[in-house]
Amino acid sequence: MPEQRWRTGPETGRYLRPYAITGGRTRHSQHAFALITLVVARTAHLADAGHLEPEAAHILHLCRDRALAVAEIAALLDLPVSVVKVLCGDLLDASLILVQSPPGREDQPSVELIERVMDGIRQL
Amino acid sequence: MNSEPVMPTALKILIAGGFGVGKTTMVGSVSEVPPLETEERMTEASLGVDDLAGVEGKASTTVAMDFGRITIAPELVLYLFGTPGQDRFWFMWDDLAMGALGAVVLADTRRLQASFASIDFFEERGIPFAVGINCFHGRRDCTPEQVSAAMDLDPATPVVLCDVRDRASSKHVLLSVLEAARARASARLASAGGGH
Ligand SMILES: Nc1nc2c(ncn2[C@@H]2O[C@H](COP(=O)(O)OP(=O)(O)OP(=O)(O)O)[C@@H](O)[C@H]2O)c(=O)[nH]1
Ligand SMILES: [Mg+2]
């Protein structure tokens, strides 16, 4: 049953289309992004963005004034996370965005950082 | 260049648990934005396929999840990710759990076993977590101690009664997770210090 989604019905386009944007790539060859890697447009470089794919231009627009996580961009553009990661990799190659990776597996959080988060939650 | 913005650091906490146990409700009750939804395709991205050439005919599993955001400070943002309740495939979504500060496992006392898979997952990965007993219909029909015993939890794992529709209650659950994470961080510090 599940395989039929690829051949018939209105969903077909929805499953294949996103990867047309990336030329079929599901991963970027150079850059690894996490769900919460933050992305912000380099405002000084927006003038160079004229030739971009509409989706890539849309990412720059969303991240113009604020940092957004890869997951937020994916949700706002209604694209799979992996497609957004590829597009962001291309934007990073073109020096059009700045990115901030989250603490990784080896970066165990400090007591101080955890307490800052606790204070922030208490104040909500 | 002074026009370039300061980049904040992003952290995350996962909200896991069985189908319909209140994960999305909890994300919504503490998030500063309405819960957003995003998805990943397990076949392509997480099963080690870099390129779609040749795999077009293969079925993929789409795993959707919702998330919210809490700005702790201009330079510190916390994301809350609700995991998909029914779909076991999220366990293969490495990026989801990697680097998480901690996790909430929501449970319903009428079907505790629906949360066992999440508990195993976080125990195996050493991710600090707290169990929130979501009191549907005001049912406070058992104590945290009884649940802890029934689930065979480490006694250090916090178990709290909650109603995740209520923001204060959801905050309390998050603080319990962070207490577990802080205890873990303190213990790490103590054992590193003791080694000298
Ligand atoms: N009475 C009561 N109802 C609740 C509580 N939490 C959630 N609900 C309701 O339970 C239903 C399911 O809640 P969701 O937040 O959608 O659950 P979920 O875990 O995200 O569900 P899935 O994503 O489908 O697995 C909704 O109708 C909620 O309004 C609670 O604490 N008490
Ligand atoms: Mg949900």
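**Salt bridges, a sheet and a helix face**

Glu72(A), Glu32(B) and Arg69(B) are linked in a network of salt bridges. A salt bridge here is a side-chain nitrogen of Lys or Arg within 4 Å of a carboxyl oxygen of Asp or Glu. Over all chains, the structure holds 11 salt bridges.

This is a predicted model, in which local features need pLDDT of at least 70 and side-chain atom pairs count only at pLDDT 80 or more, while totals for chains, interfaces and linings use all residues. Residues are numbered from 1 along each chain as its sequence is written, chains are lettered from A and ligands numbered from 1 in the order in which they are written, and side-chain values use heavy atoms, with hydrogens and water left out.

Side chains of opposite charge can pair when their charged atoms come close. Take Arg182(B) and Glu115(A). They form a salt bridge, with the closest N and O atoms 3.0 Å apart. This pair crosses between chains: Arg182(B) sits in helix α6 (residues 167-194) of chain B, and Glu115(A) in helix α5 (residues 111-122) of chain A. Helices are DSSP runs of H or I with at least four residues, strands are runs of E with at least two, and both are numbered from the N terminus.

How open are these two residues? Arg182(B) has 26% relative accessibility, so Arg182(B) counts as partly exposed. Glu115(A) is partly exposed too, at 33%. The cut-offs are these: buried is under 20% relative accessible area, exposed is over 50%, and partly exposed is in between (1.4 Å probe, protein chains only).

Another salt bridge ties Glu75(B) to Arg116(A), and here the closest N and O atoms are 2.8 Å apart. Glu75(B) lies in the loop between β3 (62-73) and β4 (76-82) of chain B, while Arg116(A) is in helix α5 of chain A, so the pair joins two chains. Glu75(B) is partly exposed at 34%. Arg116(A) is partly exposed, with a relative accessible area of 34%.

Now look at Asp65(A) and Arg64(A). Their salt bridge has its closest N and O atoms 3.9 Å apart. Asp65(A) counts as exposed because its relative accessibility is 64%. Arg64(A) is partly exposed at 33%.

Chain A also has a sheet. It is open and has 3 strands, in the order β2-β1-β3, with antiparallel pairing. The edge strands are β2 (68-69) and β3 of chain A, and each pairs on one side only. Two strands pair if DSSP finds at least two bridges between them. Strand β1 (residues 38-41) of chain A is joined to β2(A) by 2 bridges. Leu38(A) stands opposite Ala69(A) in β2(A).

Two loop residues of chain A have a positive phi without being glycine. Asp78(A) has phi near 55 degrees. Its loop runs between α3 (70-77) and α4 (81-93) of chain A. Asp78(A) is exposed, because its relative accessibility is 65%. Ser95(A) has phi near 60 degrees. Ser95(A) belongs to the loop between α4 and β3 (97-100) of chain A. At 31% relative accessibility, Ser95(A) is partly exposed.

Finally, turn to helix α1 (residues 23-30) of chain B. Lys23(B), Met26(B), Val27(B), Ser29(B) and Val30(B) are buried there. An α-helix has 3.6 residues a turn, so residues three or four places apart point the same way.
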